[in-house]
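Here is a structure to go through by question and answer. Each label gets set against its cut-off.

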Amino acid sequence: MKNRKGFTLIELLVVIAVIAILAAILFPVFAKAREKARQTSCASNIRQIGLAFMMYAQDWDENLPVQSIDIPGFSSTIVYWGGTNFFWYDALLPYMKSSKLFYCPSSPNQSCGVAYFNYSSNVSVIKWFTPGLSMGNITFPASTYLCMDGHSQYIAWYSTITPFDGGGGYLPGAGDAGITGGDNSADFTSGRHSGGVNIAFCDGHAKWVKSAVAVQEARMSDYGAWNPTRTSDD
């Protein structure tokens, strides 16, 4: 009977090296594939939120909801610590299947509370005071931001405060786009979906937008896509 020859140490090391190389190549690919799936799921969420805004406006004489309003005796079923505040989340819930749509699968924060949910509204469109902004006053609805990936209930981007942070929530990826003095989390710095965010627009459609583009819009003289009443769509 012939003696069976086993693997030599060098052969084992070669096999291990090949496996390590394949793992180094494939793991990033798998990670990107998982993030792409999460981005797609988030895009579905934000699209449904945008459509819920549209349905709300149809039921309320073309007026959008407000950020929040105090209603004595009211208690939110979806916003932790909300007190008697009725938020735009509460206003949209009857038009949605579940409050889980307010959570982005790529967000580092998957629970409500101080951080609210994972999507923020454009504070120039979803205003603080009543009545809500009329759809008829939005000059370019198809290119005006309505709500997007964010942190806290709204994103304030204007004038005297640090854009995208301070007084409101931050825009994921704003740090990578050159905003300083904001939140130090990786979400703020590098963005949530491959350097960009999913955004719903004021006509109900949604798409992925690079965070740097959203920041650049706010740096335009008329605040670009953040301004619902701008006179130019350039």
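Q: Why is Arg-192 called buried?
A: The model is predicted, so the value is computed from it. Arg-192 has a relative accessible area of 6%. Buried means under 20%, so Arg-192 counts as buried.

Q: What makes the contact between Arg-192 and Asp-149 a salt bridge?
A: The closest N and O atoms are 3.3 Å apart. The rule asks for a side-chain nitrogen of Lys or Arg within 4 Å of a carboxyl oxygen of Asp or Glu. The pair of Arg-192 and Asp-149 therefore qualifies.

Q: Which parts does this pair tie together?
A: Arg-192 lies in the loop between helix H3 (186–190) and strand S6 (196–201). Asp-149 belongs to strand S4 (residues 145–149). The pair therefore ties together parts that are 43 residues apart in sequence.

Q: Is Asp-149 buried or exposed?
A: Its relative accessible area is 0%. The limit for buried is under 20%, so Asp-149 is buried.

Q: What links Asp-149, Asp-187 and Arg-192?
A: A network of salt bridges links them. Asp-187 forms a salt bridge with Arg-192, with the closest N and O atoms 2.6 Å apart. Both Asp-187 and Arg-192 are buried.

Q: Which residue forms a salt bridge with Asp-233?
A: Arg-230 does, with the closest N and O atoms 3.0 Å apart. Arg-230 has 4% relative accessibility and counts as buried. Asp-233, at 40%, is partly exposed. Both residues also line the second largest pocket.

Q: How many salt bridges does the rule give?
A: The count comes to three.

Q: What is the make-up of the second largest pocket's lining?
A: Five residues are nonpolar, two polar and five charged. The pocket holds about 150 Å³ of space.

Q: How much space lies in the largest pocket?
A: About 300 Å³. It is lined by 18 residues, and the closest to its centre are Tyr-56, Trp-60, Leu-64, Pro-65 and Val-66. The lining divides into 13 nonpolar, three polar and two charged residues. Helix H2 gives the largest share, three residues.

Q: Why is Val-14 called partly exposed?
A: Its relative accessible area is 46%. Buried is under 20% and exposed is over 50%. Val-14 falls in between, so it is partly exposed. Val-14 lies in helix H1 (residues 9–59).

Key
Residues numbered from 1 in each chain as written. Predicted model: local features only at pLDDT ≥ 70, side-chain atom pairs only at ≥ 80, totals over all residues. Heavy atoms only, no water. Helix = DSSP H or I, 4+ residues; strand = E, 2+ residues; numbered from the N terminus. Buried < 20%, exposed > 50% of the residue type's maximum accessible area, 1.4 Å probe, protein only. 1 Å grid on protein atoms, 1.4 Å probe; cavity = no way out; pocket = protein on both sides within 12 Å on 5 of 7 lines; lining within 4 Å. Points joined across faces, edges and corners; volume = space filled by probe spheres on them. Nonpolar A, V, L, I, M, F, W, Y, C, P; charged D, E, K, R; others polar.
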